Amino acid sequence: MDHFIYHNGTLHAEDVPVTEIAAAVGTPFYLYSTATLSRHFRLFDEALEGMDHLVCYAMKAASNQAILKTLASLGAGMDVVSGGEYLRAQAAGVPGERIVFSGVGKTHEEMRLALAGGIRQFNVESEPEMEALSAIATQMGKVAPIAIRVNPDVDARTHAKIATGKSENKFGIPISRAREVYALAAGLPGLDVVGIDVHIGSQLTDLEPFRLAYAKVAELTESLRADGHDIRRLDLGGGLGIPYTRSNEAPPLPTDYGAMIRETLGHLGCEIEIEPGRLIVGNAGILVSRVIYVKSGEDRDFLILDSAMNDLIRPAMYDAHHDIIPVEEPAPGNDGRIYDVVGPVCESGDTFARGRQMPELNAGDLVAFRSAGAYGAVMASEYNSRPLIPEVLVHERQFAVIRARPTFDEMIKRDTIPEWL
Ligand code: LLP
């Protein structure tokens with residue numbers, strides 16, 4: 001459920017007509033709803049009620065500080081994967097004790113930064129990383145809390161580019177070698193081994209892969225405890241999928257996910273951490289764009305928009321589907337046209353949808369890409385020298401630009417010309 005709904009013939013974000021924001025901000029832009037963000041965070045938080053837990057929002061999905069602050073004010077922690085994300089979370093007021101540092105290639109500098117600023121836990125993914133962290137923490141006179149990310153060799157049954165839990169993926173250490181690696185960790189100075197971490201992929205629409213992975217983690221917890229490790233925290237990663245089409249998809253709800261966690265891991269008495277990104281912010285954001293031209297091709301019509309693959313790369317990168325709806329509600333029965341929906345960028349990959357049945361649209365009309373809140377703005381680039389587009393947050397009847405559109409001048413001035421030119 002989200003808060004982008006037609007009222008009186010116009011798409012609204014909560015209580016604000018999207019047309020009003022488009023007039024004030026210009027197109028294209030990302031638009032988020034506070035109510036949807038909050039609702040989705042609470043669903044997870046409530047799903048784990050009764051277990052000691054922390055929901056660490058995977059801020060890679062959408063990292064604007066206004067979004068982080070909204071979630072942090074509800075009690076969210078953050079899952080970060082770079083020094084930049086760590087500092088951004090801090091800037092949004094999230095204390096180090098609520099920040100988990102994931103990622104397969106943390107640099108020494110990033111480790112120092114997080115140890116100096118305070119950190120809840122590093123999710124360590126390899127022996128060399130563990131040795132580096134031990135040396136750096138010892139040098140700094142600190143103790144680094146760690147969980148070791150295990151790779152359970154489970155098929156997440158999702159798009160190959162976002163599956164992470166098979167042995168061929170670069171992530172984690174093979175679960176078969178976990179006991180050996182925990183023994184190594186326990187012998188290293190400057191580390192406090194607090195738990196186990198697992199994350200098997202993103203946009204999972206079935207609980208079974210999770211269940212398989214978590215059952216393996218439960219078994220491992222018992223073995224590691226028998227080996228003398230004080231395993232007290234389990235980080236279960238993110239990955240729960242969202243419906244991208246309104247009709248046929250019904251991925252499991254956070255409540256089902258929570259119940260499954262309780263079933264597979266509840267008896268261990270561990271503190272549970274989860275790292276959802278997409279489910280919190282995906283359907284809390286839309287991309288608003290304007291039709292520049294409708295062009296009739298030989299055997300199809302092209303809807304040419306003012307947004308492009310540099311603004312929303314998911315269709316080009318993962319063949320992802322996003323529903324595209326008119327901002328002005330179409331008259332009943334107006335669903336008669338088939339379009340290829342494209343952007344202005346100079347490559348054929350800049351195609352949002354092929355052969356999409358849509359209401360008839362004209363130049364100047366506004367459209368909204370649904371489910372664009374996660375991995376939208378954060379994956380944008382300035383390809384074709386198109387400035388990054390603004391982000392706007394709605395709260396009931398108010399809206400605010402939370403990242404402004406840079407001017408062409410600001411974008412161009414970032415280049416510097418060497419002396420010899
Ligand atoms: N934790 C870790 C360690 C992760 O690598 C990820 C996502 C998450 C949590 C959050 O997963 P989520 O709940 O959002 O599924 N750009 C792709 C998705 C990449 C996901 C990367 N890791 C897309 O647009 O579909």
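**Entry 1: Overall architecture**

How many helices and strands does the secondary structure of the protein chain come to? I found 12 helices and 21 strands, taking helices (H or I, at least four residues) and strands (E, at least two) as DSSP runs numbered from the N terminus. I note that this is a predicted model, in which local features need pLDDT of at least 70 and side-chain atom pairs count only at pLDDT 80 or more, while totals for chains, interfaces and linings use all residues. Residues are numbered from 1 along each chain as its sequence is written, and side-chain values use heavy atoms, with hydrogens and water left out.

**Entry 2: Dimensions and packing**

I looked up the extent of the C-alpha trace, which spans about 70 × 60 × 40 Å along its principal axes. Of the 421 residues, 55% are buried (buried is under 20% relative accessible area, exposed over 50%, partly exposed in between, with a 1.4 Å probe and protein chains only). I also checked contacts (heavy atoms within 4.5 Å): among those between residues at least 6 apart in sequence, 70% join residues at least 24 apart.

**Entry 3: Charges**

I counted 39 positive and 58 negative side chains, and the centres of the two sets lie 1 Å apart. Lys and Arg count as positive and Asp and Glu as negative, without His and the chain ends; each charge is placed at NZ of Lys, CZ of Arg, CG of Asp or CD of Glu.

**Entry 4: Cysteines**

My count of disulfides (pairs of cysteine sulfur atoms within 2.5 Å) is zero. Cys56 is buried at a relative accessible area of 0%, and Cys270 is buried at 7%.

**Entry 5: Backbone exceptions**

Most residues other than glycine have a negative phi, and most peptide bonds are trans. I recorded a cis peptide bond from Thr27 to Pro28, with omega near -10 degrees. Pro28 sits in the loop between helix H1 (18–25) and strand S4 (29–33).

Tyr375 has a positive phi near 60 degrees, and I located Tyr375 in the loop between strand S19 (366–369) and strand S20 (391–395). Asn384 also lies in the loop between S19 and S20, with a positive phi of about 65 degrees. Tyr375 counts as buried at 15% relative accessibility, whereas Asn384 is partly exposed at 35%.
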